[in-house]
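Me: I would like to go through this structure and ask what stands behind the terms used for it.
Reply: Here it is.

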Amino acid sequence: MWPPAENTRATALTVVLPHYDCAAYLGQAAGSVLGQDFRDLTLVVVDDCSPGDAWSAALRPFADDPRLVVLRTSRNVGHLRIKNAVLEHVRSPYVGFQDSDDISLPGRFRHQIALLERGRADLVGCGYECIDATGRVTGRRRMPRNGNLWMRLGRSTVALHPSTVVRGEVLRRLGGFDGTARLGADTDFHLRAARLYRLRNVGRVLYRYRVWPDSLTQAPETGFGSDARRAYTESLRRREEERRRAGSRAELLPLLIAPPNDVDFTLDPVDLA
């Protein structure tokens with residue numbers, strides 16, 4: 001059911017998985033979430049108006065799982081606007097993310113939510129392995145336990161966004177993600193969140209991050225080094241300078257709220273039958 005009825009119990013965790021024309025990896029990504037030992041979750045898969053319906057076959061093995069919600073956008077809008085639109089209806093205390101070409105390793109959400117429930121963090125990422133198009137592991141990275149400390153030392157990348165779980169109240173207070181962007185706004189969110197909240201990482205490697213030519217971070221039009229990403233990075237720098245110049249908390253707080261979605265679209269339920 002989408003949006004969830006007011007009288008239904010929210011699961012502890014809602015995982016948001018947007019995708020565009022990623023049938024080759026989508027089933028594995030969804031299965032890695034639904035197969036977790038932390039079972040009290042809802043997985044919301046949103047197709048970003050892909051050409052055709054071939055992608056839906058990848059989800060049919062999970063069609064009978066009541067924890068799976070499948071939606072489709074009325075137009076192509078990008079993963080950040082999708083997340084904002086889904087978050088408007090999420091009532092879970094925790095929100096997790098998953099990329100459509102990546103894999104959550106066993107125990108991911110159990111370990112992350114345990115740290116959140118101990119009251120020691122508001123956003124929790126984890127270490128991750130890099131894999132190639134075939135799934136071969138090509139590297140490993142452990143992220144800093146204390147992301148706020150790293151930011152104070154001048155680092156801007158303190159967590160891999162799709163590996164994170166966040167308190168729902170954090171996303172609501174900050175307005176979610178930059179609704180005017182198609183890329184790079186995960187870093188923007190972490191920079192804003194770090195001003196008010198605790199950013200941490202589980203020491204374990206609990207995620208596999210796929211690096212392949214067609215991914216958002218590698219494609220020529222959107223990847224690292226692209227004109228689009230450089231332009232957004234420059235806008236981030238200007239925003240951070242404005243926040244640093246804020247003379248009081250009252251001046252800072254409005255600068256931490258994300259611009260809302262600048263594109264109108266709907267999220268329509270998809271029947272996998």
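This is a predicted model: local features need pLDDT of at least 70, side-chain atom pairs count only at pLDDT 80 or more; totals for chains, interfaces and linings use all residues.

Reply: Helix H6 (residues 185-193) is mostly covered, with seven of its nine residues buried.

Me: Which residues of H6 are the buried ones?
Reply: They are Ala185, Asp188, Phe189, His190, Leu191, Arg192 and Ala193.

Me: How does H6 lie against helix H7?
Reply: H6 and helix H7 (residues 227-245) pack at an angle of about 15°, and their axes are 10 Å apart. Because angles under 35 degrees count as roughly parallel, H6 is called roughly parallel to H7. The crossing of H6 past H7 is right-handed.

Me: Which residues of H6 and H7 meet?
Reply: From H6 they are Ala185, Thr187, Asp188, Leu191 and Arg192, and from H7 they are Tyr232, Leu236, Arg239, Glu240 and Arg243. Sorted by class, this contact holds four nonpolar, one polar and five charged residues.

Me: Why is Arg243 called buried?
Reply: Its relative accessible area is 4%, and buried means under 20%, so Arg243 counts as buried. Arg243 is in helix H7. Not counting residues up to four places away in sequence, Arg243 touches Asp188, Leu191, Arg192, Arg195, Leu252, Leu255 and Leu256.

Me: How far apart are Arg243 and Arg136?
Reply: They are 107 residues apart in sequence, and their C-alpha atoms are 41 Å apart in space.

Me: What makes Asp47 a buried residue?
Reply: Asp47 has 0% relative accessibility. The limit for buried is under 20%, so Asp47 counts as buried. Asp47 is found in strand S2 (residues 41-47).

Me: What joins the side chains of Asp47 and His19?
Reply: A polar contact of 3.0 Å joins them. The cut-off for such a pair of N or O atoms is within 3.5 Å. Leaving aside neighbours within four places in sequence, Asp47 is in contact with His19, Asp21, Trp55, Leu71, Arg72 and Thr73.

Me: Asp21 is on that list. Why is Asp21 called partly exposed?
Reply: The relative accessible area of Asp21 is 48%. Buried is under 20% and exposed is over 50%, with partly exposed in between, so Asp21 is partly exposed. Asp21 sits in the loop between strand S1 (13-19) and helix H1 (23-34). Asp21 has a positive phi of about 50°, although it is not a glycine.

Me: What is the phi of Cys49, and where is Cys49 placed?
Reply: The phi of Cys49 is near 55°, a positive value in a residue other than glycine. Cys49 is placed in the loop between S2 and strand S3 (68-73). At 30% relative accessibility, Cys49 falls between the 20% and 50% limits, so Cys49 counts as partly exposed.

Me: What makes Ser32 buried?
Reply: The relative accessibility of Ser32 is 10%, and the limit is under 20%, so Ser32 counts as buried. Ser32 is found in helix H1. The side chain of Ser32 reaches the backbone oxygen of Ala29 at 2.7 Å. Ser32 also touches Gln98, Ile103 and Ser104, not counting residues up to four places away in sequence.

Me: How many of the residues of helix H2 are buried?
Reply: Eight of the nine residues of H2 (residues 79-87) are buried, and the helix is mostly covered. The buried ones are Leu80, Arg81, Ile82, Lys83, Asn84, Ala85, Val86 and Leu87.

Me: Why is Pro93 called partly exposed?
Reply: Its relative accessible area is 44%, between the 20% and 50% limits, so Pro93 is partly exposed. Pro93 lies in the loop between H2 and strand S4 (94-97). Leaving aside neighbours within four places in sequence, Pro93 is in contact with Thr11, Ala12, Val166, Arg167 and Gly168. The C-alpha atoms of Pro93 and Ile257, 164 residues apart along the chain, are separated by 20 Å.

Me: Is Thr138 buried, exposed or partly exposed?
Reply: Thr138 has a relative accessible area of 47%. Exposed means over 50% and buried under 20%, so Thr138 is partly exposed. Thr138 is found in strand S7 (residues 137-141). Beyond its neighbours within four places in sequence, Thr138 is in contact with Cys130, Ile131 and Asp132.

Definitions and conventions:
Residues are numbered from 1 along each chain as its sequence is written. Side-chain values use heavy atoms; hydrogens and water are left out. Helices (H or I, at least four residues) and strands (E, at least two) are DSSP runs, numbered from the N terminus. Buried means under 20% relative accessible area, exposed over 50%, partly exposed in between (1.4 Å probe, protein chains only). A polar contact is a pair of N or O atoms within 3.5 Å; within protein, one must be able to donate a hydrogen and the other to accept it, and residues adjacent in sequence count only if both atoms are side-chain atoms. Contact means heavy atoms within 4.5 Å. Axes are lines fitted to C-alpha atoms, for helices over the stretch in contact, and angles run from 0 to 180 degrees between N-to-C directions. Angles under 35 degrees count as roughly parallel, over 145 as roughly antiparallel, 65 to 115 as roughly perpendicular and the rest as oblique. A crossing is left-handed if the near helix is turned anticlockwise from the far one by less than a right angle, and right-handed if clockwise. Ala, Val, Leu, Ile, Met, Phe, Trp, Tyr, Cys and Pro count as nonpolar, Asp, Glu, Lys and Arg as charged, and the others, Gly among them, as polar.
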